[in-house]
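Reader: Could you walk me through the labels used for this protein, and tell me what backs each of them up?

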Amino acid sequence: MSKTTEPVPFVDLNVVHQPMIDDLRDAFERVLLSGGYTMGAEVAAFESELADAVGSVRVVGCGSGTAALQLMLAAADIGPGDEVILPPNTFVATAEAIVAVGATPVFADVSPSTGQIDPVPVESAITPRTAAVIGVHLYGHPAPMDVLRQVTSSAGVKLFEDSAQALGASLDGVPAGRLGDGAAFSFYPGKNLGALGEAGAVTTQDPALAERIAVLRAHGEKSKHVHVVQGVNERLDEMQAAFLRVKLRYFDEGQQQRVHAVERYRAGLDGIPDAEALDTAPNVVHANHLFPVRVPQRDVVLERLRDDGVFAAVHYPTPIHLQPAFEAFAGGPGSFPVSESLAESTVSLPLFAGITDQQIDRCLDGLINALRSAAA
C-alpha cells in the first residue's frame with residue numbers, strides 16, 4: 001500500500017460528512033420549509049431514536065453537552081452546600097456545570113492504566129455533603145461504573161455519567177447512557193455523533209428526572225405561559241436535531257471505521273517502544289472517540305509531529321484543579337499525581353470516521369520520527 005505525504009488533520013469533518021451529504025441537505029431543506037425551528041417534530045423524533053440506540057427510557061435534547069450536565073444536576077436538586085466528585089483530567093465543562101448549580105467540585109484521581117476515575121480515592125473523598133459522583137467516560141472508555149455504583153449506593157449518593165465522548169461505548173454489555181442515574185451527552189461537531197453546531201442530550205431511566213430537565217430547559221415552562229420553576233433557555237433546535245437524525249443512521253458504520261483505525265494504530269505501536277497506548281478494560285467496548293498515547297517529552301513530540309504535518313492534539317494539557325478558575329477548589333501541583341502525569345505525557349493521534357490506512361501509517365511514521373528527534 002502506498003504511503004501518503006499529505007498532512008493528516010486531527011479530525012476531517014469533510015470526510016466524515018461526504019457519505020451523507022445529500023441526506024444532510026435534504027434534512028436542511030425539510031426543516032427550512034417546515035417553518036418550525038425549535039422544539040418540534042425533529043427534536044421529538046431524535047429523542048426517540050437516540051433512546052432506542054442507547055436503550056434509555058427517556059432522552060431530553062438540549063443546547064449543548066455542558067447544558068446537559070448542568071440541567072441533569074439541577075433537576076436532581078443538587079446545589080449550594082452540596083459536593084460533587086469528579087476526576088481532574090476531564091474537560092473543564094464537567095466542573096463548570098457543578099459550579100453553575102452552586103455546588104462544590106471535589107476531585108478524585110484516576111487510574112494510570114486507563115485514565116478513568118479511580119473508585120478508591122472516590123470513596124475516600126465522600127463526606128456528608130457529597131450529593132453525587134460523576135463518572136467521566138474519558139476518551140470514549142467507560143468509567144468503572146460498576147464499582148462506583150457500589151461506592152455510591154453505600155453512601156446514598158447519586159451516580160451520573162459524563163458521556164460526552166462515549167456514545168457507542170458499553171460496560172459489561174450495558175451502553176454508556178444507561179450506567180448511572182442519568183447521563184449527559186455532547187454532540188459537538190467533532191464527537192462521534194456530531195451536530196453541525198452545538199447540541200446535547202440527557203438520557204435517564206428516571207421519568208421524573210427527565211420531566212424536570214424538560215421543564216428546566218425551556219424557561220421552567222410546564223405548559224404554555226405557566227412557569228413552575230426558574231429555568232433556562234437550553235432547547236435543542238430543529239435543524240440540529242434533523243442533522244443528528246441523519247448522522248445517527250450512519251453512526252454504526254463510522255464506529256466500525258474507528259475500530260479498524262484503532263486496531264491498526266495499536267498494531268503499529270507494538271514496534272515503537274517509547275509509545276504506549278492506554279489500556280482498555282476487558283469488560284469494556286470502547287467508543288474510540290480519542291486515541292491517546294503516552295510518550296516521553298510530550299510537548300517536543302507534539303511539536304515535531306505538527307512540523308511533520310501530523311496534527312495531533314492533547315486532551316487535556318492542564319488538569320482542572322490546576323486551572324486558574326478552579327484552583328480555589330483543590331490543592332496545587334502534586335495534589336493528583338496520576339492526572340498530572342497523564343496531562344504531561346499523552347498525545348492524541350488523529351482519529352475520525354473515514355481516516356485511511358495510509359493516513360494512519362503516516363501518523364505512525366511521524367510518531368517514530370518525532371520520538372527520535374525528541375530523544376536527540
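Author: Here come some questions about those labels, each with its answer.
This is a predicted model, where local features need pLDDT of at least 70 and side-chain atom pairs count only at pLDDT 80 or more, while totals for chains, interfaces and linings use all residues. Residues are numbered from 1 along each chain as its sequence is written, and side-chain values use heavy atoms, with hydrogens and water left out.

Reader: Why is Leu32 called partly exposed?

Author: Because its relative accessibility is 42%, and partly exposed is what lies between buried (under 20% relative accessible area) and exposed (over 50%), using a 1.4 Å probe and protein chains only. Leu32 sits in helix H2, residues 21-34; helices here are DSSP runs of H or I with at least four residues, strands are E runs of at least two, and both are numbered from the N terminus.

Reader: What makes the nonpolar surface patch that includes Leu32?

Author: Phe28, Leu32, Leu33 and Tyr37 make it, at about 430 Å². A patch takes residues with over 30% relative accessible area and no salt bridge, joining nonpolar side chains (Val, Leu, Ile, Met, Phe, Trp, Tyr) within 5 Å and like charges within 9 Å. The areas come from the Shrake-Rupley method with a 1.4 Å probe, and for residues only the protein chains shown count as cover.

Reader: How do you know that Lys191 has no salt bridge?

Author: A salt bridge needs a side-chain nitrogen of Lys or Arg within 4 Å of a carboxyl oxygen of Asp or Glu. For Lys191, the nearest side chain of opposite charge is Asp162, 7.9 Å away, so there is no salt bridge, although Lys191 is buried. Charge here means Lys and Arg as positive, Asp and Glu as negative, with His and the chain ends not counted.

Reader: And what is Lys191 in contact with?

Author: Leaving aside neighbours within four places in sequence, Lys191 contacts Ala164, Gln165, Ser186 and His289, contact being heavy atoms within 4.5 Å. Lys191 itself belongs to the loop between strands S8 (182-186) and S9 (200-204).
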